[in-house]
Amino acid sequence: MKYRKLGASDLEVSVISLGSWLTFGVGVQADAARACVNRAFELGINFIDTANIYGRGAAESFLGETLNGRPRDSYVLATKLFFPMSQSDRGLSRAQVLKQIDASLRRLRTDYVDLYQCHRYDPETPLEETMAALSEVVRAGKARWIGFSEWTPAQIEAAFAIPGVERFVSSQPQYSLLHRQPEQAVTPLCAKNGVSQIVWSPLAQGVLTGKYLPGARPPGDSRAASDRMGHTMSELMRPKVLEAVQRLKPLAAEAGCTLSQFALAWVLREPNVASAIVGATRPQQLDDNAAAAERAVDPALFHRAEEIVAGA
């Protein structure tokens, strides 16, 4: 495993990190999920990402139980807030920031998280209020650093301009060979301001593994076949996309790696990406994904891959 510094923080995070969206506490049986966490540590993955909304607290509770007993300084733990936890609990107001951090810490069974992230931007709360509240959380020792997910460049710049508050060190965008929008403005802006990318869906929810074949039913044990987990994948499952992904397989073979490793190595080619978040339902998936940290791929192969998926 390799590690990169997270923005202007003092955190060193594994370039492959373990996520918990649609999996832990929700879509994966507890024993299988625990096996995934244990295997992640064995592989050198030290960065675990979750959010209060994942399973409405279920993912955090699962991780709190599973991580209990491990030395707290042996892993980097990140969570998020914004989405509704009840009819009245949502957003990034001061009251919500202070309430949700305490609730997350209780579920996670820890005194602090290493990274506390705004899961989205809250247009209903003044940004100054949100940043001041996040700063309170950091200065109270409940979070070491702060970040955001899927903010626009204008929103990011506005946060940078507020004096006397803690500064963001991480951005969590969707980013993959099939979703390259952050490159246009977010990544360059962040790189200039001590903010690293922690990317979600680097395998496009499994589509970039190549397991989904055009015109064929999804494998029965796959995310796309699951009523619970497959509802977000309709755009990715279009025949044109699946056909393009199949054309990437020879490039991965030429690079001497699996298609998953090729896709993850493509994401990690960007210096501003500190870590790529992967989900797992089986420990074997982590073995394959973690190996991407060591893959050296000819940039010419990446360029060819970009051309293949450009029109998908």
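**Reading helix packing and local features in a predicted model**

Modeller: Start with helix α7. The cover over its buried residues includes α8 (249–255), α9 (259–268) and α11 (299–309). Keep in mind that this is a predicted model.

Biologist: Which residues of α7 are buried?

Modeller: Helix α7 spans residues 239–246. Val 241, Leu 242, Ala 244, Val 245 and Gln 246 are buried there.

Biologist: Now helix pairs. How are two packed helices described?

Modeller: Two values do it: the angle between the axes and the distance between them. Take α3 (residues 94–108) and α4 (residues 127–139) here. They pack at an angle of about 30°, and their axes lie 8 Å apart.

Biologist: Which orientation do α3 and α4 have to each other, roughly parallel or roughly antiparallel?

Modeller: Angles under 35 degrees count as roughly parallel. So α3 and α4 are roughly parallel to each other. Their crossing is right-handed.

Biologist: Which residues of α3 and α4 meet?

Modeller: First, the general idea. With 3.6 residues a turn in an α-helix, residues three or four places apart point the same way. In this structure, α3 brings Arg 94, Val 97, Leu 98 and Ile 101 to the contact. Helix α4 brings Glu 129, Ala 133, Leu 134, Glu 136 and Val 137. By class, this contact has 6 nonpolar and 3 charged residues, and no polar ones.

Biologist: At what angle do α1 and α2 pack?

Modeller: About 60°, with axes 11 Å apart. Helix α1 covers residues 30–42, and α2 runs over 58–67. The two are therefore oblique to each other. Helix α1 passes α2 in a right-handed crossing.

Biologist: Which residues of α1 and α2 meet?

Modeller: From α1, look at Ala 30, Ala 33, Arg 34, Val 37 and Phe 41. From α2, they meet Phe 62, Leu 63, Glu 65, Thr 66 and Leu 67. The contact residues divide into 7 nonpolar, 1 polar and 2 charged.

Biologist: Next, single residues. Is Ser 135 buried or exposed?

Modeller: Relative accessible area decides, and buried means under 20%. Ser 135 lies in helix α4. Its relative accessible area is 2%, so Ser 135 is buried. Beyond its neighbours within four places in sequence, Ser 135 is in contact with Val 165 and Glu 166.

Biologist: Where does Arg 70 lie?

Modeller: In the loop between α2 and β5 (76–81). Arg 70 has a relative accessible area of 30%, which means partly exposed.

Biologist: What is Arg 70 in contact with, leaving aside its neighbours within four places in sequence?

Modeller: Asn 38, Phe 41 and Tyr 75. With Asn 38 there is also a polar contact of 3.1 Å, side chain to side chain.

Note on methods: Residues numbered from 1 in each chain as written. Predicted model: local features only at pLDDT ≥ 70, side-chain atom pairs only at ≥ 80, totals over all residues. Heavy atoms only, no water. Axes fitted to C-alpha atoms, helices over the stretch in contact; angles between N-to-C directions. Helix = DSSP H or I, 4+ residues; strand = E, 2+ residues; numbered from the N terminus. Parallel < 35°, antiparallel > 145°, perpendicular 65-115°, else oblique. Left-handed = near helix turned anticlockwise from the far one by under 90°. Contact = heavy atoms within 4.5 Å. Nonpolar A, V, L, I, M, F, W, Y, C, P; charged D, E, K, R; others polar. Buried < 20%, exposed > 50% of the residue type's maximum accessible area, 1.4 Å probe, protein only. Polar contact = N/O pair within 3.5 Å; in protein donor to acceptor, adjacent residues only side chain to side chain.
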